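Please read them beside the sequence and the coordinates.

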Amino acid sequence: MRFALRHTGIFILLAVAFTGCSLVDEDMRDCETDYTLDYELRLVTNMTTELQTQLGLVTDVNVAGAIKSYLQDVFTDHAHDVDLGFYDVQADSVLLHRESHVMDANQSSYTLYIPVRRYMHLATANMEQNPLLSFEGADNCHTLRAVQQVKDTVTSHKTGFFTARLPMDIKEGIDQQFDVKLYMANCASSVLIDTLGSGIKDVKVFMTGFATSFDICDSLYHFDYTPVVKPDQLEFEDPGRVGFVAVTFPSRPAPSTKIVIDWDDPFVTDVAPNSLWQVYVYCTLGDGTITQNILGVHNQLLPGQFRLLCARAYANGTLAPDDPTVGVSVTLNWEPGLEIPVVL
């Protein structure tokens, strides 16, 4: 299963300055041109709005601060590294030129020297410090994808991952400017549980329902298998709260969703009849028994989006989500191995 998504996240300007070149025929492949790429990162996310909506009380300031601190390298306008690929537009779509740079800024300029011709330009940012992801099929435009590690249980992405694609027709002796819009290809979700007065000894959380790879050129997400994501637990000053955060690829779309989607508001989706991604919460009680809660989220988790799920825990380990659109399925006296491969 796959789907494509589009919305603005990063902005790039390519100002082209041409050197002289004289050719007898119209084949410009041997005529090289230098040009400058000016990169500027512009972050588009709903994180601040989501935190303000879900955590409106003064007592939640520390909770919001912990979430922001964890996600500071994800929802950021700072790029550590950029990878630039230029591909043939003919049938084989092979890689013609590629280079990488350490950017360490929200904007930077690079001057390239490549032949005058038509290209498909693919760019990515913040891949180097994200060990969960790797490139696959980089020698061909339509096979290049960012692939997540193939494991039954995976960890959270460590950085915000940004990509772009742009057809470029570089011509001799003509001043040209190219505007390239890059967007964030991953997203984040968090679970906040109020355990005050419940007597719960321990809480473990796992998530599932997210894409496993992303085609850079075609902007397509793939769901080749169903990994379990183990989110990181947050540290709060409030002992009555437990929180977890995961950075992942987007969730599955609703069955009726179009293959290519354009949004006026990129973070608003319809409620699907069946849950699109799930959160497994395991609450260990004082007597050592475990209650399994499966939270079913019916709204798609989109690129660049942050979603916070809040719930209250009760003495028997059951959860009551604050959002009425989030479903919950409860199994009391749960034993490992009944639902998903979880290491407790």
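1. Buried is used here for a residue with under 20% relative accessible area, exposed for one with over 50%, and partly exposed for what lies in between, with a 1.4 Å probe and protein chains only. Helices (H or I, at least four residues) and strands (E, at least two) are DSSP runs, numbered from the N terminus. On these terms, eight of the eight residues of strand E19 (residues 241-248) are buried, so E19 is largely enclosed by the rest of the structure.

2. On provenance, this is a predicted model, in which local features need pLDDT of at least 70 and side-chain atom pairs count only at pLDDT 80 or more, while totals for chains, interfaces and linings use all residues. Residues are numbered from 1 along each chain as its sequence is written, and side-chain values use heavy atoms, with hydrogens and water left out.

3. For the chain as a whole, the assignment gives two helices and 25 strands, and buried residues make up 53% of the 344 residues. With a contact taken as heavy atoms within 4.5 Å, 74% of the contacts between residues at least 6 apart in sequence join residues at least 24 apart.

4. Returning to E19, which residues point each way from the strand? Arg241, Gly243, Val245 and Val247 point one way, Val242, Phe244, Ala246 and Thr248 point the other way, and all are buried. In a regular strand the side chains alternate between the two faces of the sheet.

5. Strand E13 (residues 187-194) pairs with E19 in the antiparallel sense over eight bridges, with Ser190 having Val245 as its bridge partner and Leu192 standing opposite Gly243. Strand E18 (residues 232-233) also pairs with E19 in the antiparallel sense, over two bridges, and the bridge partner of Asp232 in E19 is Val245.

6. These strands belong to an open sheet of five strands in the order E18-E19-E13-E23-E24, with mixed pairing. E18 and strand E24 (319-321) stand at the edges, each with a single partner strand, so one side of each is left without a neighbour in the sheet.

7. Another open sheet has six strands in the order E10-E17-E14-E21-E22-E25, and its pairing is mixed. Its edge strands are strand E10 (153-154) and strand E25 (327-331), each of which pairs on one side only. Within this sheet, strand E14 (residues 202-208) and strand E17 (residues 228-229) pair in the antiparallel sense over two bridges, and Met207 stands opposite Val229 in E17.

8. In helix H1 (residues 47-54), Met47, Glu50 and Leu51 are buried. They cover an arc of only 95° around the axis, which puts them on the same side of H1; the arc is that of the directions from the helix axis to the C-beta atoms. The buried residues of H1 pack against helix H2 (61-70) and strand E23 (306-313), whereas the face turned away from the buried side carries the exposed residues Thr49, Gln52 and Thr53.

9. Two backbone angles deserve a look. Most residues other than glycine have a negative phi, and most peptide bonds are trans. Phi of Asn126, however, is near 70°; Asn126 lies in the loop between E7 and strand E8 (133-136) and is buried, with a relative accessible area of 5%. Asn333 has a positive phi of about 50°; Asn333 is placed in the segment after E25 and, at 55% relative accessibility, counts as exposed.

Methods: Two strands pair if DSSP finds at least two bridges between them.
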